[in-house]
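This report describes the packing, the sheet, the charged pairs and the aromatic pairs of one protein model. Please consult the sequence and the structure shown here.

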Amino acid sequence: MATRYWVASLPVSQGSSASSLWSRLQESISKQAFDTSLYRFNIPNLRVGTLDSLLALSDDLLKANSFIEGVSHKIRRQIEELERVSGVVSSSLTVDGVPVDSYLTRFMWDEAKYPTMSPLREIVDGIHVQIAKIEDDLKVRVAEYNNVRSQLNAINRKQAGSLAVRDLSNLVKPEDIISSEHLTTLLAIVPKYSQKDWLSSYETLTTYVVPRSSKKLHEDNEYALYTVTLFIRDADNFRTKARERNFQIRDFEYNPETQESRKQELEKLNQDQETLRSSLLQWCYTSYGEVFSSWMHFCAVRVFSESILRYGLPPSFLSVVLSPPAKSEKKVRNILEGLCGSSNSTYWKTEDEGGVGAFAGDTDAHPYVSFTINLI
């Protein structure tokens with residue numbers, strides 16, 4: 001699938017017709033740039049309005065196009081990210097079941113959604129409002145999804161971090177802890193290469209440590225997790241002495257209800273994440289189709305209005321969609337320019353050549369209406 005297309009219109013000279021111009025263009029492309037895909041871009045007879053209204057509209061078309069294109073790309077990128085995370089095989093994006101490239105190259109105006117008798121400004125503003133609402137919805141949905149992801153990531157970091165910072169609840173079993181009126185069990189985080197020092201010294205750090213009570217529960221790349229049992233009245237003193245020897249005593253209280261609550265919270269967050277991810281992905285598929293359809297109708301309005309301002313009234317032009325490979329772009333430009341007529345070509349030279357320059361903010365001036373659609 002091509003990802004970059006040109007939309008262009010050529011003036012139909014007096015005594016000629018759009019059909020004959022189309023035949024000449026097809027013939028020239030097939031002879032000189034046969035690797036370029038070429039299609040008619042079907043634009044209905046829209047309501048012209050006044051010259052002032054067209055001029056005012058043209059000032060906004062470029063900015064509006066950038067906005068719509070940007071939203072389209074945002075949704076596409078979101079789809080790609082969700083598919084990658086979900087392990088979904090990337091699917092072809094569609095508009096009403098039609099692949100987006102086919103929708104563009106076989107574009108048909110939706111009269112029911114955009115009545116051709118509506119003022120062009122009304123059509124453009126309606127499209128802008130619709131796309132802005134979709135963008136707002138995207139922000140809300142992505143924020144909700146990312147919020148759940150952030151909560152899960154925070155929990156996973158606690159589970160995956162070093163013993164000095166991670167949650168210890170899944171490493172400690174009820175039988176590892178002694179808790180009575182006089183005795184308590186503390187959890188010591190011992191540097192991995194200081195374990196011999198710990199084992200040889202913990203019994204004598206303070207007076208009331210139960211001999212041979214330390215047991216290793218877990219070890220990671222940096223630390224080892226040990227238990228130690230002692231009298232409750234000696235716990236604070238033991239913490240101080242352990243810290244002096246570079247042993248960290250982690251606060252921990254085994255609570256079965258808390259353990260179960262954390263487990264349920266994690267399960268719920270995982271379920272919520274999957275639900276939100278699936279929902280967001282489906283919404284993005286649908287919304288991308290809506291945005292792309294609206295974008296193509298906007299492009300049709302843009303071609304129509306710019307062609308009227310460029311070629312005059314009554315509307316008499318041929319609008320096309322092309323997808324030239326990079327090596328054929330110059331040939332295709334020459335073909336399009338050659339079919340415009342010399343007078344039009346002379347008038348629309350670049351500013352450096354003494355002409356009026358680019359139309360509607362385009363960086364490259366051509367003697368015909370032309371702009372680029374980037375699908376990605």
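## Basis of the description

Contact means heavy atoms within 4.5 Å. Axes are lines fitted to C-alpha atoms, for helices over the stretch in contact, and angles run from 0 to 180 degrees between N-to-C directions. Helices (H or I, at least four residues) and strands (E, at least two) are DSSP runs, numbered from the N terminus.

The model is predicted: local features need pLDDT of at least 70 and side-chain atom pairs count only at pLDDT 80 or more, while totals for chains, interfaces and linings use all residues. Residues are numbered from 1 along each chain as its sequence is written, and side-chain values use heavy atoms, with hydrogens and water left out.

An open sheet is formed by four strands in the order β6-β7-β5-β8, with antiparallel pairing; two strands pair if DSSP finds at least two bridges between them. The edges are β6 (215-219) and β8 (248-250), each of which has a single partner strand, so one side of each lacks a neighbour in the sheet. On average, neighbouring strands are turned by 35° against each other, direction ignored.

Strand β7 (residues 223-231) is joined to β6 by four bridges, and the two run antiparallel. Helix α6 lies across β5 (183-191), β7 and β8, and runs at about 145° to β7.

## Nonpolar cores

A nonpolar core is a set of buried Ala, Val, Leu, Ile, Met, Phe, Trp, Tyr and Cys residues joined through side-chain atoms within 4.5 Å. Buried means under 20% relative accessible area, exposed over 50%, and partly exposed in between (1.4 Å probe, protein chains only). The largest core has 79 residues, of which L25, F41, I75, F292, M296, L322 and I373 touch the most other members. Helix α7 (residues 256-311) gives the most to this core, contributing 19 residues.

Beyond its neighbours within four places in sequence, I373 is in contact with T3, R4, Y5, V7, L104, W295, M296 and C299. A second, separate core of 16 residues includes A224, Y226, V228 and A235.

## Salt bridges

The whole structure holds 16 salt bridges, each a side-chain nitrogen of Lys or Arg within 4 Å of a carboxyl oxygen of Asp or Glu. In one of them, D125 pairs with R121, the closest N and O atoms being 3.7 Å apart. These two residues are four apart in helix α4 (residues 120-160), about one helical turn. Both D125 and R121 also belong to a salt-bridge network with D60.

In α6 (residues 235-244), R239 and D236 lie three residues apart, and their closest N and O atoms are 3.1 Å apart in a salt bridge. R239 is partly exposed at 25% relative accessibility, whereas D236 is exposed at 57%. R302 forms a salt bridge with E306 at 3.0 Å between the closest N and O atoms, and both residues are buried.

## Aromatic pairs

Rings of Phe, Tyr and Trp (its six-membered ring) pair if their centres lie within 6.5 Å; planes under 30 degrees apart count as stacked, over 60 as edge-to-face and the rest as tilted. The count by this rule is 12 aromatic pairs. W198 and Y202 are stacked, because their ring centres are 5.4 Å apart and their planes stand at 20°. W198 is buried at 0% relative accessibility, and Y202 is buried at 4%.

Y208 and F231 form an edge-to-face pair, with centres 5.8 Å apart and planes at 70°. Y208 lies in the loop between α5 (195-201) and β6, and F231 in strand β7, 23 residues apart. One aromatic cluster consists of F41, Y103, F107, Y288, F292 and W295.
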